[in-house]
Structure formats: C-alpha cells, structure tokens
Amino acid sequence: MNERLTALLEHPRTQAALAWAQQWRKELAVCLLMVATLAGPFLLKPTQSTAPARYDRRLVIISPHHDRIRAEFGHAFAAYWKQQTGQRLYIDWRVPGGTSEIAMLIKSEATAAFQQYWQKQLHQTWSPIVAQACLNPKAAPNDAAREAYLASNVGTGIDVFFGGGAYDFEQQAKAGTLVAGDGAKTGLSGLAKQHPEWFCDAGIPEKLSGEPFRDPQGRWCGTCLSSSGIVFNRDVLRRIGIATDPVAWDNLADPHYYGQIALSDPGKSGSVTKALEMLIQQQMQSAYVRLKAVPKSKLTPEQLESQAVAEGWNEGLRLILRISANARYFTDFSTKIPLEVARGDAAAGMCIDFYGRSAEEDVRKADGTSRVGFIAPLGGTSISVDPIGMLRGAPDPELATAFMEFVLGDAGQKLWCYRVGELGGPIHHALRRLPVRHDLYTPDNIALMSDGQEAPFVKAQAFTYHPERTAAAFNAIRFIVRVICVDSHDELHAAWKSTIDHGMPERAVQVLEDLTRVKYEAATGNIARILAARDKIQETRLARELGDAFRNQYIKAGRMAERGQ
Amino acid sequence: MSKSLSLLIFLGMTAFFACFFAYPIWAALESAFRGPNHQFTLDYVSEVFLNELYREGLWNSFIIAVWTTLGALCLALPLAVCYVRFAFPGRALMNSLVLMPMILPPFVGAIGIKTMLGQAGALNSLLINLGLMDALHPTDWLGQHRMLGIILMEVLHLYPIIYLNAAAALSNLDPALEEAAANMGCNAWSRFLRITLPLIMPGVFAGGTIVFVWSFTEMGVPLLFDYDRVTAVQIFRSINDLSGNPFPYALVAVMLVFSTLFYLTGKLFFGSASSGGGGRATTGRETISLPTGLGWGCTTFFAVVTFMAVLPHLGVVLLSFSKDWYGTVIPHSLTLQHYRDALGHELTLSSIANSLKYSTLAMLVALVLGTGVAYVSVRTRLWGRQILDTMAMLPLAVPGIVMAFGYLAMTREGQPFHWLMLGEDPLLLLVIAYAVRRLPYVVRSAAAGFQQVSPMLEEAAQNLGASPEKALWRITLPLVAPNLVAGALLAFSFAMLEVSDSMILAQQATYFPITKAIYALVLALGSGPNLASALGVWAMIFLAVTILGAGVILGKKLGALFRG
C-alpha cells in the first residue's frame, strides 16, 4: 500500500501535477477563495422560488408593497395555482419605488405603447397634443386620441397593480389605465358576478365613513385596511421629559419634541399626505362641532360648513407647521420613519398602522414589553384601503383575475392578518394588516389574527371622512406643505428654536404662524388653479414667491423672539 | 500610431458618444428647453437662477466639492509621499489597506454610519460610557452638522482616487531631477514644492478633477443625510415628481455646464502638460529607511486613515450580525440569521450573476474605448482631440439618474435604439450605461500613463523599423499596462457598485444587479437594514477577493503601478 503510494507520488505525472500546483499556487488560492465566496449564495439558494428558470405562465404585478407582503402572497398564490392547475408560475414583481414612481412608470409605458398603436395600427401622426390627450381624463369627450385609447387594448406589459392608496387608484381609473374586465370571466366585474357576496355591505362596502372602498364600476377594489397614526419610542420620550405616550396629533406640536419628530416628504409619500389630510380633516370636524354648539348662531348650514372648513384648515396647517418645526428633517421614504423611531433617532413620527405595529413587534423583548409603541389617534384618522386592479391590456387577464380572486378570497384575506403558524396564515412574517372583508371578522377568525381586537369597522365610526372638504385642496396640501415646511425647514426649525428658547413670545409666534398667504380661499382658489393648469413655470414661481415670503417670515420671527417680542 | 488609425478612433469615439452619451442626455434634457407650446425657451433655466433655494443648492454643492477636494488632497498627498519615499513597517500591506474605501459601496456604508451616529448609536454610547456626554442630552449628529458630515464622508470615500494618481505620478518621477536639485543646494521643502509638485501635477490634477466633479454632483451621501439643499438631491427629489416637471432637467443642464466649466478651468490652470514627456525614471528610486519612531509614525498614519475610512463599513459588518443594536457601543446579541435570510433570498443568486456579467463586459468596453481616447488626446495632434478628452470626462458631470432616464427614453418601443433592449433583457443597455459612466477613470489613468511614457521610446522603435502600430503595441502599451489595469479595476469595481442606472434600467427582478438587490432589501420592513448589510458584506468580501486576487496574480505588474 505504502509502496504503491510512494510509487504514485514519484510518478512523473504526479510530480508534474505537483510542480504545476506549486507554480500556480497563488492563482489556485485566489480561485479557491473566489469559489468559497460564491458558494454561500449557492448553498443557501431558496428551494422553492416564485421566479423559476422555466415556467408555464407569468403574472406581472406592479406594487409598492414591501418585501414581506410580496413574499407571502407570491408563494401562497404560486402554490395555490400549482395545486389547482399543475402549472408552474413565475410571479414577476415590478417594484420601481413608491406610488409616485409607479404612476410615472405606468404613464410613460402606456403613452409609449399607445404611440406605437396610434402610428402603426391607426396610421395617424403622433404629436405632443395626442400624447397629452390620450391619458387625460379631462380631454374633450370627442377627442380622437382619447376615444381611441379608451377603445383600445393597449397595454403596459403589466397585469395587475397591487397596493397603494385609493386616491392613486381613482386617478388611474380616471385615466383609463385600469379596467373592469369583460364582466363575465375576467377582471373585477367578472369576480362580482361569481362572488356577489364579497361586493356588498356585509362584505366590502362601497364606502365606509366617507372613504371609498371599491370602485362602483369595478376597476379597482380594496384588499386590506390601513389607517394613519403615531409611532413613538418610549425611551426617547422619557429622556426629553414627556411622561405620557402621545394620544393625538396635536401632542406632536409640543415644543418638548423639538428636533425629535420623524417625518417624510409628502411629495414622496402618499401615506404621509394622507396622514396630513386626516389631521386637517379632524380640525375641520372639531371646528364644525364648536361652531354648531354656539347658541343662537345666525349662520346658515352652508355658512357654518364653510366657516368650519376655513377655520379647520387654518388650525390644521398651524399644527402641521409646528410639527414640521419640531421635525429633525424630512426623509424621502415613509418606511424610514418607524426605523428611525425604533433606533432612537426620533421620539415620534407619523406613519401607517402596520409599519408602526411591525416596528413594535420587531424590537419586542422576551418579556413582551417594547420600547416602541403605536397608536391610531381616535377620531384623528379614517380607515382607508390598499386596493388592487387589473391594468388595460393585461398580458394574461385570466391569471390576473385569478390572482385578484385569491387576494379577495378567504385564503388571501387570512394571509394579511393571521399570526405566523396559524393554519392559512403567513409562513415567515405576520403582515399585521387587517382584511377588507367585513364578513371575516368572526370571533373564530379574530382569535387567530394578530390585531383582530382593533375592530376597524367599529373604530371607523369615530371619524367621518368628508372628501368634499379637502378634495379641492388635496394637491394644494402637498404643495403648501412642501413649500412652507419641507423646502423651508432650515429656517423654520431655527426660528422655532429661538422662539422656544425665549419663552414663546406672543408676537414672534404670531409672525411665525402667519398663514394668511395660504388660507383656505387661497389654497382652493389661486393656488389650486395654478396647480391644475400644469404650467410648471407658474407653479415654480408661485413656489418661489411663497417660499421666499415664508422663509423671510420665519427669519423675522426668529429675530423678534431673540429680542423677546 | 498612424494618422488613419487615430482618425478612425476619433470618429468611432465621436459616433459612440453621439449615440450613447449626447443623445440620451438630449432625450432627457429636451424638456428643459421646451416651453408649453413646444417652442425653445430659456425660462426654466433662468428660473433656476432666480430661485433662492436652487442658488443655495448650487452654492452648497460647490462648497462641498471644494472642501472635499481639499480634504482629500490633504489626506492623500502625504500618504502618497510617505508610501513612495519611505520604507516603514507593513508598507505593502498598508498600501493595499488604504485603498479599501474604493471597494466599499458608499450607500452600504450609509446604513452603517446612520446606525452608529444615531442618538442611541454607538458613538453617543461610547461618549456617554466615557463620561464625555450627558445621557439625557445626546447629540443628534445626523440632525445637526449635516454639511460637515457629508464632507467627511466624501473625503473618506474619495481620497483613494487622488492617492492612486499621486502615487503613480510620484513613482514615475525621475529621481535624478530631485537629486540634481539637491546637489544644487535646494532644501527638502522647496525641492518638493518647486520640483516634485509641478512634475506630479498632471497626476494630482487627474485625481483632483474626478474628486471635485464627483463631489459636486454626488447624490448618495447627501441623500443619506437627508440634506436637500444641494443640487443633486434637488434634482433627484423633483425628478420623480410625477407631473413631468421640467425644472430638474433645467437644473441638470445648469449642473452640466458648471461641471464642464470647473473641469476646463482646472485643466487650464493645473493640467498643463509642463511635465509631459519628462520621461521615465533613469535611475531606480531608493526608498529611505526611516528611524523606528518615524517609521511607526507612518504606519500609524496609514492605519488611522484606513480605520476612519472603513469605520462605516465596520458598522455595516456589526449590523449584519446584530439582533438589535440600540444604545450600546457594540451590539450585545449576535446572530447569523441575517446572512441566512439575505444570501438565501430569491434575488441574491441571480443578482450576483447579473452583476458579474454586466460589470465584466462594461469594463472591457470602457478599457478599449478609454485607451483609444487617451492615446488620441495625448499623443496625436489631431484637431479636436481636446474635445474628445473633455467629452470622455463629461459622464462624471451628469447625475446618473439623468443618464438612466435618457437611456430609458431612447430604447422605448418605436425609438431608433429599441433593439438594445433584447426583448426585456437590459444587458446591452446596462453594459453601455456602466461603460460610459466608468470611462473617465480609464481615460484618466491611461492618459496619465501616456503622458509619463516619453514618446521618444516609441519614436526610437519606429526608427529601428517598427511600424507605428507595432511600436505602440510592443513599446508603449506594455509600459502603460499598470495604469490600464488600475483603470480597469476601478471601472470594474465601480460598475459592481453602480446605483442609479441599475435602479432605473433593471426593472425585472430576474435582471437585477446586486446593488438593486441590496437596495430592495434595505426597504424591507423590520430587519431590512440588517439584511442589506449582510448582502453588502458579502459584496465587499467578493470585491476584496477580486481586487486583492488580481493583485496577487498580476504580482509585480500591479505593484509596478506604484513603483514605476
């Protein structure tokens, strides 16, 4: 044995191989290291994948939903489909960013596809006017391009739009990029035929406390619920001398919170705009109640309403201004808010309910306590939905419909809310959202849900959303907050600091909070008009003038405060 | 090189640039000069200058660029001089370590720095433990002092660029010149100021320009600090505002003009090829052995700079192992779960394969193009060679996101370059995008090489009967090979770490490069930053193995870059 080994070792070929290895030892070492580095991902490669190399059918979903939601729904639906049909699915998630990026992508893809169709199929000449008109809901009703688009099946290559806010879906539906399907087999209109029990007040109501839950024409439908609230870090609160957890929006305007509020730019995040709108709506409602309680008021109901709206608007903006003045800065993603709060970089922030609840769960200790908490201010937020809808020209409408059926059906609805490990629940992470179908809130189901005790359909009654009060100003809110709070944050923040340090002198505070330039008439009048005209020069000039005025105002207030005025 | 070949390169480059640089920019910028009625207008551009916020943004960008460049120079020049002149303990090792920040993706470092500088982060915990800070009033480093933070981060990320260039220039310097000055009685300081510095100026300039323009247009770092009063962030923040706002494009146009102006001004004042053809070293350089104390001083200097520069990434490493890092100097409970989740994530394996494919191809394209451009601009008297050189530097001045939108616009269905999409696969598009954006590094390092290799060597070969092409192939290219390798490695690693093009152009998860996979993980709820850190650490290890491995395999050839 030994001899043979020696002979083998002394064999010229072995010697040559050894010499070769000796000569190339550095290269071999480098290659081995490379292989070792690459081995990790190979060894840990997921066993089942929703993006297989070979597949039978593909479903393209565009979505702002986060990773955990995509993973749970992707796996559950692929497994369901495999079991039903034996086909292997490729779920192609497109995640360009938040809702604003999605809107931009859909718009540009749809316009490009329509240009192709217009020139190649209809043999018409393409012009900027056509480009403007085809997706414009305000185009003249007999506009040829608009008519051609609505009659066409021009697609974006994407099947389903999943997640976002009802507002975004309404915009898409108006533009014509979302469709209801053929009313029999495909689309939500087809589902309404097959499952009429889902699309009624006992299932998914059309509206709840003023918030739209589904499109009456079936172009989109809510899949789960969301509300806005305050996420906070108890350690930081105690450190900055606040003994109790926040309970209402106006708590955040407390000067103790100076530099400790996490906010994100409403221009980037639909959910933040929504939260700000809620805050204003709440002020309008309390102004309404206050005015109504005045004995012997001579106001007619219309006057009462308009005065309440104007006063509430002012009060709401004043609150937003103070909260912004307290803000550390404005981040670009709303997901960063719960992270910053959990990390102790901010005492509190505004965010969507399930972000807050997940943050609470992520840092929960073994004894069940958590430094992070979340509250939905009672009477300060409506319950709205995250919808789903099929896009015009969906490559595989049948599969798209099956997915929507899955999401709205019992299996999908349970995925949103069940705890990990419950039968029919998520596999890896609890998604901590609430199902949209009212009929699922049975005691048996609630026992298996992470947040069943939230009783959203009951709580929703504490707040009635009046879309007519802020609808005309929705874009104006975004614009005004951007100009007077986000863009001018440095000056506002500094002026607020001097004001606090000098004991909040009355006149300085007045100057700081002077909102006459953006009062309700201006917001729904001049400002809304310029925003609606889509003339960017006008808009930027307005932003510059307003911004300059407010920045000067803040600087002036800061100086006055320093003089103790 | 024969005239016809250089003309061919010139024309080829111009065509390539027209198609893949000028055209996409135009496709993206068009709206900056087109009024509502589609007539030409300068209203948007003039509005940029009227707006105080935009003016402040430009000014802040400029300030950041100036301080970053100065800071990087102050850090890199002494390092380079120490390395080339002196022998000190651990010299070779320190030389590799000090280049580490180049392989560390800044946006991954961002995750680390945010965790460490937070109010309940590692730095504050350390200061509180040391009794230097009141636990009730921790400093909010990220909330205040943001400008300083940005400059520090950029200096620590960008100094290797100047270091590499300065070290290469210094080691190519003929020691005989300095010795001559010393013989004439010139003291060390004025020798450095009057002989060495002017001679290495092209190298320092090459690095300095890249750093200046880079920091002028840098978006990632200010974005990480959520600092929105710099132009790049203003562009980024308004570009995805869905109403088709033309102002970001007007801002891009303004930024482009300024960057070009800075580059040309710099070239005019510092880049004049006064040392051109100074020749290679005629005598070998002897490194001076320092006394033990001073030697260790040098080592410490290198070590401190390296430590500072990799600190964010040390944070990333800790974060990738930590369960919940909160209020302690180092995380108190560790886990491997994040690695299991991140490396086992659906996106990971395919994104790694994609990134390797895209970056390697992009590196090859950039290498071929860059060498051609550098040769034409340094060695020929062709009309317009300066334009070519400037053109090749311009990609630095254009924010990546604008180029990305341009590429997207020009490859839409029905557009002339639609064929580049290969169905839905963005391979060609990403390779071109990466190559164009990494071209400046290759061009600068190749040009520095060509400037320092005397044309006389090539002329001698031609005198002996070699054809111009053969002389180039056999004489000049081998001599500039270290520069080319360095440029190619830079191009490769930066392509691996490219963010903006990857974000926009790779839409389908199957085609995601690794940066987009990391980015997708960051935004994951809950443990997102930990997962992203874990994948980031993997990427850093991979790049380190690649670059150090290349160093080992190429051995002397790569080392020669720094020794001449």
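Residues are numbered from 1 along each chain as its sequence is written, and chains are lettered from A and ligands numbered from 1 in the order in which they are written. Because the model is predicted, local features need pLDDT of at least 70 and side-chain atom pairs count only at pLDDT 80 or more, while totals for chains, interfaces and linings use all residues.

Start with chain A as a whole. Its C-alpha trace spans about 115 × 60 × 55 Å along its principal axes. Chain A holds 24 helices and 14 strands. Helices (H or I, at least four residues) and strands (E, at least two) are DSSP runs, numbered from the N terminus. Of the 565 residues of chain A, 50% count as buried. A residue is buried if 20 or more other C-beta atoms lie within 10 Å of its own, exposed if 12 or fewer, and partly exposed in between, with C-beta atoms placed from the backbone. Contacts come next. Two residues are in contact if their C-beta atoms, placed from the backbone, lie within 7 Å. In chain A, residues 24 or more positions apart account for 75% of the contacts with a separation of 6 or more.

Chain A is divided into two domains. Domain 1 covers 57–95 + 157–226 + 384–454, and domain 2 covers 228–381 + 465–562. These bounds come from an automatic or database domain assignment. Taken over C-alpha atoms, the centres of the two domains are 32 Å apart. Where they meet, 13 residues of domain 1 of chain A are in contact with eleven residues of domain 2 of chain A. The domain 1 side has one nonpolar, seven polar and five charged residues. Here Ala, Val, Leu, Ile, Met, Phe, Trp, Tyr, Cys and Pro count as nonpolar, Asp, Glu, Lys and Arg as charged, and the others, Gly among them, as polar.

Now turn to where the chains meet.

What of the interior? In soluble globular proteins, nonpolar side chains tend to be buried together. A nonpolar core is a set of buried Ala, Val, Leu, Ile, Met, Phe, Trp, Tyr and Cys residues joined through C-beta atoms within 7 Å. The largest such core has 262 residues, and Ala166(B) and Ala491(B) touch the most other members. Leaving aside its neighbours within four places in sequence, Ala491(B) is in contact with Ala362(B), Met363(B), Ala366(B), Arg438(B), Tyr441(B) and Val442(B). A second, separate core has 75 residues, among them Phe479(A), Ala523(A), Leu546(A) and Ala561(A).

Chain B also shows a helix pair. Helix α9 (residues 188–217) and helix α18 (residues 427–452) of chain B pack at an angle of about 170°, with their axes 10 Å apart. Axes are lines fitted to C-alpha atoms, for helices over the stretch in contact, and angles run from 0 to 180 degrees between N-to-C directions. α9(B) and α18(B) are therefore roughly antiparallel to each other; that label applies to angles over 145 degrees. Pro202(B), Gly203(B), Ala206(B) and Ile210(B) of α9(B) meet Pro440(B), Arg444(B), Ala448(B) and Gln451(B) of α18(B). Five of these residues are nonpolar, two polar and one charged.

Val204(B) lies in helix α9 of chain B. Is Val204(B) buried or exposed? Val204(B) is buried, because 21 other C-beta atoms lie within 10 Å. Leaving aside its neighbours within four places in sequence, Val204(B) is in contact with Ile162(B), Asn165(B), Ala166(B) and Ala169(B).

Finish with loops of chain A. Gly97(A) is found between β2 (89–94) and α5 (99–120). Gly97(A) counts as partly exposed, with 18 C-beta neighbours inside 10 Å. Ser209(A) lies in the loop between β5 (207–208) and β6 (211–212). Its phi is near 45°, a positive value in a residue other than glycine. Met504(A) sits in the loop between α21 (489–501) and α22 (506–512). Met504(A) is not a glycine, yet has a positive phi of about 50°.

Methods: Angles under 35 degrees count as roughly parallel, over 145 as roughly antiparallel, 65 to 115 as roughly perpendicular and the rest as oblique.
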